Amino acid sequence: MQRFAADDGLMLAYDDQGAGAPVLCLCGLTRNMDDFEPVVERFADRARILRLDTRGRGASDHDPDFMNYNLIRESRDVLALVDHLGLDRVAIIGTSRGGLIAMTLAAGHRTLLSGVCLNDIGPMIDPHGMGYIMSYLGQRPGYANYDDAAAQLETKMAGRFPGVTRDQWRAYARRVWSEAPDGLALRYDPNLRRAVAEASAAGAMPDLWPLFDALNGLPVALIRGQNSDILSCETAEEMRRRRPDMIYAEIPDRGHVPFLDEPAAVEVIAAFIERLT
């Protein structure tokens with residue numbers, strides 16, 4: 001893991017492994033670069049896999065101004081990383097919020113992008129899923145340790161993630177939380193909740209379809225969890241209608257978000273990387 005300074009001086013963490021076409025992995029709202037361990041394991045032999053901890057997440061510094069947790073600011077951080085690495089173009093694999101960042105960049109800095117793979121995100125966000133996210137955002141999970149989390153998640157998440165083993169949930173817990181003497185702790189700034197709440201209070205989310213349409217002419221892929229409560233079937237189908245050339249897979253027995261180690265997800269990423277070269 002390495003660190004660099006964003007244009008406002010905040011120190012951000014990133015990882016750089018492999019060789020080939022540069023592929024930048026951007027994590028979801030509360031997640032971090034560890035979510036993309038499966039991508040590094042499977043694709044560092046054919047692509048340069050870059051992973052960024054968005055500001056306030058993982059090993060990156062927390063921002064003293066929580067209102068800087070927004071898509072525009074986080075998109076500028078991507079530009080700063082690309083400049084830091086001396087790259088002309090980069091492909092993005094964006095999970096949830098990471099995909100929104102990718103589409104934001106497509107609208108304003110399209111020449112920077114060589115392709116975009118979206119993991120369970122699109123131009124419309126299901127309000128039921130956002131309601132679920134707000135139910136836990138900024139709050140510690142209440143698990144004593146990774147083993148306790150794995151045992152409880154195996155039952156709690158069985159409806160949306162049936163068949164996921166306890167060992168898989170333990171690996172998930174390790175990526176999402178850190179162990180502390182008084183139980184599992186967040187690996188992100190809890191002030192993210194205030195940022196999301198204030199952005200929601202400011203009004204309805206703008207129309208994001210123009211951002212998706214800005215991807216026209218670029219290789220595009222979409223991975224959707226079959227049980228997703230963020231990316232609806234209807235939105236995914238409209239995305240496919242607008243981009244009939246889009247690489248696509250729906251991942252069985254997965255909600256928001258697929259882990260990216262599923263065979264169908266691996267096939268999509270492999271096909272996406274192939275189109276970059």
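Angles under 35 degrees between axes count as roughly parallel, over 145 as roughly antiparallel, 65 to 115 as roughly perpendicular and the rest as oblique.

## Basis

This is a predicted model: local features need pLDDT of at least 70, side-chain atom pairs count only at pLDDT 80 or more, and totals for chains, interfaces and linings use all residues. Residues are numbered from 1 along each chain as its sequence is written, and side-chain values use heavy atoms, with hydrogens and water left out.

## Helices α5 and α6

Helices (H or I, at least four residues) and strands (E, at least two) are DSSP runs, numbered from the N terminus. Helix α5 spans residues 146-156 and helix α6 residues 166-176. They pack at an angle of about 125°, with their axes 8 Å apart. Axes are lines fitted to C-alpha atoms, for helices over the stretch in contact, and angles run from 0 to 180 degrees between N-to-C directions. α5 and α6 are therefore oblique to each other. Their crossing is right-handed. A crossing is left-handed if the near helix is turned anticlockwise from the far one by less than a right angle, and right-handed if clockwise.

From α5, the contact (heavy atoms within 4.5 Å) takes in Tyr146, Asp147, Ala149, Ala150, Ala151, Leu153 and Glu154. From α6 come Arg166, Trp169, Arg170, Tyr172, Ala173 and Arg174. The residues of this contact divide into 8 nonpolar, no polar and 5 charged. Ala, Val, Leu, Ile, Met, Phe, Trp, Tyr, Cys and Pro count as nonpolar, Asp, Glu, Lys and Arg as charged, and the others, Gly among them, as polar.

Tyr146, Ala149, Ala150 and Leu153 are the buried residues of α5. Seen down the axis, they fall within an arc of 100°, so they line one face of α5. The arc is that of the directions from the helix axis to the C-beta atoms. Buried means under 20% relative accessible area, exposed over 50%, partly exposed in between (1.4 Å probe, protein chains only). The cover over these α5 residues includes α6, β7 (177-180) and β8 (183-186).

In helix α9 (residues 233-242), the buried residues are Thr235, Ala236 and Met239. Their arc around the axis is only 100°, which puts them on the same side of α9. They pack against β6 (113-119), α8 (209-213), β9 (220-225) and β10 (247-251). The face turned away from the buried side of α9 carries exposed Glu234 and Arg241.

## Two buried positions

Valine 23 lies in strand β3 (residues 21-26). Its relative accessible area is 0%. Not counting residues up to four places away in sequence, valine 23 touches Ala47, Arg48, Ile49, Leu50, Val90, Ala91, Ile93, Ile273 and Leu276. Valine 23 and isoleucine 273 are 250 residues apart in sequence, yet 8.2 Å apart in space, C-alpha to C-alpha.

Serine 75 sits in helix α2 (residues 71-85). It is buried, with a relative accessible area of 5%.

## Backbone exceptions

Most residues other than glycine have a negative phi, and most peptide bonds are trans. Serine 96 has a positive phi, near 50°. It is in the loop between β5 (90-95) and α3 (97-108). Serine 96 counts as buried at 12% relative accessibility.

The loop between β10 and α10 holds leucine 260. Leucine 260 has a positive phi of about 75°, and counts as buried at 2% relative accessibility. Valine 257 is also placed in the loop between β10 and α10 (263-276). A cis peptide bond joins histidine 256 to valine 257, with omega about 10°.
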